[in-house]
Amino acid sequence: LAEIIRRFGESVPTRSLLVAIEGGRSTAITGLAGSADAFAIAAMARKSGAPILAITGHSDEAHDLYEDLAFLLTQAKVGLYPSRQILPYDFRAPVGEIMGQRLSTLSRLVDGRLRVVVAPIRALVEPTITPEALRESRVSLTVGEETDLDDLTARLVRLGFRRVPLVEEVGDFARRGGLIDLFTADSEYPVRVEFLGDQVESIRLFDVANQRTI
């Protein structure tokens, strides 16, 4: 696969495309079939100095392209930015897993960790958080560092987390003595943070079903 990507990157059409993009010119590409579009994007991602935004017409196409690119470039370098899947006049809350995917991709993009972001066109016209607001809303916890438990609890409430006796869903958090459990939108599992006084002693994931750390 690495050799195929290298050949795509060194081909005359790909080099011409990169020159056109870096020069700010609009260019049309034809003749790509199957997973050739993913190979072409992967090749450009390795040569381009800026992240690439790959826009698709539909959510299914975005998911398929993301899977191909994640396989070629690894998941650490590719992000999927799905649409909220609710209509503008629909007052229901978006599904937590979808919002988690959006936030995770935006956070990794702000950190400069992504080479490619894949999104359906609908996702790009929906409102989202600004980079500044995203940075300000982060909670950073590191083992060995000190964090005031009361301040942390108050901040989680301000950020919209629900204080509950037992964490079960995205957006929940619970405090029991020197333990804080919280389920962030961009994590598959909730997090258990153990404090010794105000010092973070351990950070572990745990299973919602049995509440045991994993």
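## Basis of the description

Because the model is predicted, local features need pLDDT of at least 70 and side-chain atom pairs count only at pLDDT 80 or more, while totals for chains, interfaces and linings use all residues. Residues are numbered from 1 along each chain as its sequence is written, and side-chain values use heavy atoms, with hydrogens and water left out.

Helix 1 (residues 2-10) and helix 2 (residues 12-22) have axes that come within 5 Å and cross at roughly 60°. Helix 1 is therefore oblique to helix 2. Helices here are DSSP runs of H or I with at least four residues, and strands are E runs of at least two, numbered from the N terminus. Axes are lines fitted to C-alpha atoms, for helices over the stretch in contact, with angles from 0 to 180 degrees between N-to-C directions.

Phe8, Gly9 and Glu10 of helix 1 meet Val12, Thr14 and Arg15 of helix 2; contact means heavy atoms within 4.5 Å.

## Salt bridges

The structure contains 13 salt bridges, each a side-chain nitrogen of Lys or Arg within 4 Å of a carboxyl oxygen of Asp or Glu. In one of them, Arg7 pairs with Glu3, with the closest N and O atoms 3.0 Å apart. These two residues lie four residues apart in helix 1, so about one helical turn separates them. Arg7 is exposed at 58% relative accessibility, whereas Glu3 is partly exposed at 37%. Buried means under 20% relative accessible area, exposed over 50%, and partly exposed in between (1.4 Å probe, protein chains only).

Another salt bridge joins Asp172 and Arg162, at 2.8 Å between the closest N and O atoms. This pair links distant parts of the chain, with Asp172 in strand 5 and Arg162 in strand 4 (residues 162-163), ten residues apart. Asp172 is buried, at 5% relative accessible area, while Arg162 is partly exposed at 40%.

## A buried loop residue

Thr147 lies in the loop between helix 7 and helix 8 (149-158). Its relative accessible area is 19%, so Thr147 is buried. Beyond neighbours within four places in sequence, Thr147 is in contact with Leu141, Leu152, Phe195, Asp198 and Val200.

Methods
Parallel < 35°, antiparallel > 145°, perpendicular 65-115°, else oblique.
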